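Grab a pencil and work through these exercises one at a time. Try each task yourself before you read its solution.

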Amino acid sequence: DNPTPGVLTVTENYDGSSWTTSPATLGTGGQGFAPAGTSTSAVAGGVFSPTIVGTTQEYNVSINTITSAAWASGGNLNTPRKAIGGGFGTQTAGLIAGGNNSSNEGIADSEEYNGTSWTEGPNMNYGRGWLACCGTQTAALGSGGYDIPQQDGDNKTEEYDGSTWTNGGNLNQEMYGGQGFGTQTAGVKAGGYNNSLPPGNVTGQTEEYDGSSWTVNPNSMGVARYVGGGTGTATAGLVSGGYRY
C-alpha cells in the first residue's frame, strides 16, 4: 500500500546484500497479504485492495534454467479477510490464521493450503489481525494482534501443532503488526504498534520465544516499525519495509 499511486503489485528479491526488482508483478496488488514459502516458491493469500478479497497468488522461479519469475492464481481463501499479518509454511503446505473483517473485528479462522486449495482448520482461541507469525504448517506461532476491543494491541500468543491452537506465554509488550521470524520454539517478534507507546506509537522492541515464554532482547531495531516483512531464523533474521508512524 502506498498513498501514491495506491496499491502496489511490485515484487522484489533479496540476495543477502541488496534488493532487485523482479519482472514478475502480482496479479492483484494491495496490502495485508499472508506470505509463505521461499524466494523461488511462494504463496500469498488474502488482500485488501481496497475491498477485502480471498485472492491467492503463487510465485515460482527457476534458478537452474532461464525461466522468468511469475505469479499465478491459486485457490481462493474460504473466508476473505484483511490484516492477516503473516503466513506460515511453504507453497504446498501453507497456513494462515486470524485477520480482520471490514469492521476491523477479529477473525479467529485458520486455513491450510496444499498447493491447490485452502481447507478450513480449527479456530484460534482469540480472533485478531496483524499477528506476528513464524513457523510451519504443523508448528506455528502467532503473537500480538488487533481487533475492535483491543485497539492498542494485545499480548496473547498461540501455538499450532497441525490440529489444535494452544495458548502460549504472553508477550512482555502489548502490540499489533510486529514482524515475526524463526520457529515455534525459537521465534522472534520485532517491532509493532500500540496507541500508548511514545514516541509515535511505534516500537522497535525485540522479543524472543523459547517455546514457552518471551524474553526482551536488549537490542531494539534501528528503525521502529510495524506491518513490515519478516523472514529468516532467530539468529539470522531479516525485517524490511513497514510503517514508521
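**Exercise 1.** Does Ala 83 count as buried or exposed, and at what relative accessibility?

*Solution.* Before we start: this is a predicted model, in which local features need pLDDT of at least 70 and side-chain atom pairs count only at pLDDT 80 or more, while totals for chains, interfaces and linings use all residues. Residues are numbered from 1 along each chain as its sequence is written, and side-chain values use heavy atoms, with hydrogens and water left out.

Step one is the cut-off: buried means under 20% relative accessible area, exposed over 50%, and partly exposed in between (1.4 Å probe, protein chains only). Step two is the value: Ala 83 has 4% relative accessibility, so it counts as buried. Step three is the location: Ala 83 sits in the loop between strand E6 (70-74) and strand E7 (87-89). Strands here are DSSP runs of at least two residues, labelled E and numbered from the N terminus.

**Exercise 2.** Find the phi of Ala 83 and of Trp 130.

*Solution.* Start with Ala 83: its phi is near 55°, a positive value in a residue other than glycine. Now move to Trp 130, which isn't a glycine either and has a positive phi of about 55°. You'll find Trp 130 in the loop between strand E10 (118-120) and strand E11 (132-136). With 19% relative accessibility, Trp 130 counts as buried.

**Exercise 3.** Track down the salt bridges and say which residues form a network.

*Solution.* A salt bridge is a side-chain nitrogen of Lys or Arg within 4 Å of a carboxyl oxygen of Asp or Glu. Searching the whole structure turns up three of them.

1. Arg 81 and Glu 111 meet through their side chains at 2.8 Å, N to O. This pair links distant parts of the chain, with Arg 81 in the loop between E6 and E7 and Glu 111 in strand E9 (residues 110-113), 30 residues apart. Both Arg 81 and Glu 111 are buried.
2. Arg 128 and Asp 154 form a salt bridge at 3.5 Å, N to O. Arg 128 is in the loop between E10 and E11 and Asp 154 in the loop between strand E12 (139-143) and strand E13 (157-160), so the pair ties together parts 26 residues apart in sequence.
3. Glu 158 and Arg 128 meet in a salt bridge too, at 3.1 Å, N to O. Glu 158 belongs to strand E13, and 30 residues separate the two partners.

**Exercise 4.** Which strands make up the open sheet of four strands, and in what order?

*Solution.* Two strands pair if DSSP finds at least two bridges between them. The order is E15-E16-E17-E18, with antiparallel pairing. E15 and strand E18 (214-217) are the edge strands, each pairing on one side only. E15 is joined to strand E16 (residues 187-193) by four bridges, and Gly 180 has Lys 189 in E16 as its bridge partner.
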